[in-house]
Amino acid sequence: MAAVTFAGATRVYPGADRPAVDALDLEVGDGEFLVLVGPSGCGKSTSLRMLAGLEDVDGGRIRIGDRDVTDVRPKDRDIAMVFQNYALYPHMTVAENMGFALTIAKRSKAEIATRIAEAARILDLTEYLDRKPRALSGGQRQRVAMGRAIVREPSVFCMDEPLSNLDAKLRVSTRTQIASLQRRLAVTTVYVTHDQVEAMTMGDRVAVLDKGVLQQVAAPRELYDRPANAFVAGFIGSPAMNLAELPVVDGSVAFGAPRTIPGIPAPGPSVLVGVRPEDLRAVPAGTGLAVRVEVVEELGSDAYLYGTAEGRTIVARTDPRDPPARGDVVHLAPDLDRVHLFDPETGARL
């Protein structure tokens, strides 16, 4: 096991007008499960591939433990990679797939068999060791890919969107298995996903990237409660935070009438106000913000209304057992203790 350090790590693809990863400074603790998350093209997979040695590092350094691995070949980095598409050999059995790297490394048959048996036990694959991948479900194939990584006993696991090919129900159960397994093995893990729900439920810490730049790295709860900027605020959370630029008058902003948010430390004439859907409350008619309901998303235990007010889209959690109907007008006001304020020019938290 070992810590991972990105020190100003940069990757610029030929012909690109900006770096795919721009001076990434990030430390992953020994045994930590860190998730890299962000929209498509943000640089998360490139960062992982730089760590694995599959992408060149054009600037800065990468260390695994005390070793500078920036120019070390992938096979010599002591990492194991789990890919999005499983990457199993179709002509090999489960056992042969799991032990292939050890066979190439010329480990003894006894050691290979012992490691495969232990990994199969951990992953509940013992009864499938003689099957070929085509005889397995998607979830079982992903567990085989995990087993192939586990038997190598690496210093670092690199996982590149390993659940993206699974159906929704299987994703939920498999992500729980992966998180539990990582904690049992205590192996440093860097996990890439575009799914912020996956990131929030799996990681010890989450690093949010946008356009190759690290926006914030923190524990999931801190990311949710204190986003460092408007991008993180809008990206983390499902449904996303409501964001609206409002004028500042005498140190306060109006959120509907006569509801006022006081004490605004705005650097200019306006401020970007953020309110999460669950922090909007129904208030009597004539107060708060009048929202015309366009859609109600009923999820069983939860319900969310999507509406318009003053030309903006508003999302709010509502009573799942008594939701409003389409076309209704509801009046909403924010919990003033849970309002987020951002600089409208830079996006930085105020």
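Residues are numbered from 1 along each chain as its sequence is written, and side-chain values use heavy atoms, with hydrogens and water left out. Because the model is predicted, local features need pLDDT of at least 70 and side-chain atom pairs count only at pLDDT 80 or more, while totals for chains, interfaces and linings use all residues.

The largest pocket holds about 610 Å³ of space. A pocket here is an open set of points on a 1 Å grid over the protein atoms alone, where a 1.4 Å probe fits, with protein on both sides within 12 Å along at least five of seven lines; lining residues have an atom within 4 Å of a point. Its volume is the space filled by probe spheres set on the points, which are joined across faces, edges and corners. The lining comprises 23 residues, and Ile79, Ala80, Met81, Ala101 and Arg152 are the closest to the pocket centre.

At least two lining residues come from each of β6 (79-82), α2 (94-104) and α4 (138-150), with α2 giving the largest share, four residues. These elements are DSSP runs numbered from the N terminus (helices: H or I, at least four residues; strands: E, at least two). By class, the lining has 17 nonpolar residues, six charged and no polar ones; nonpolar means Ala, Val, Leu, Ile, Met, Phe, Trp, Tyr, Cys and Pro, charged means Asp, Glu, Lys and Arg, and the others, Gly among them, are polar.

Turning to the cysteines, the structure holds zero disulfides, a disulfide being a pair of cysteine sulfur atoms within 2.5 Å. The sulfur of Cys42 has its closest cysteine sulfur in Cys158, 16 Å away and so too far for a bond. Cys42 is buried (under 20% relative accessible area; exposed is over 50%, partly exposed in between; 1.4 Å probe, protein chains only), at 1% relative accessibility. Cys158 is buried too, at 0%.
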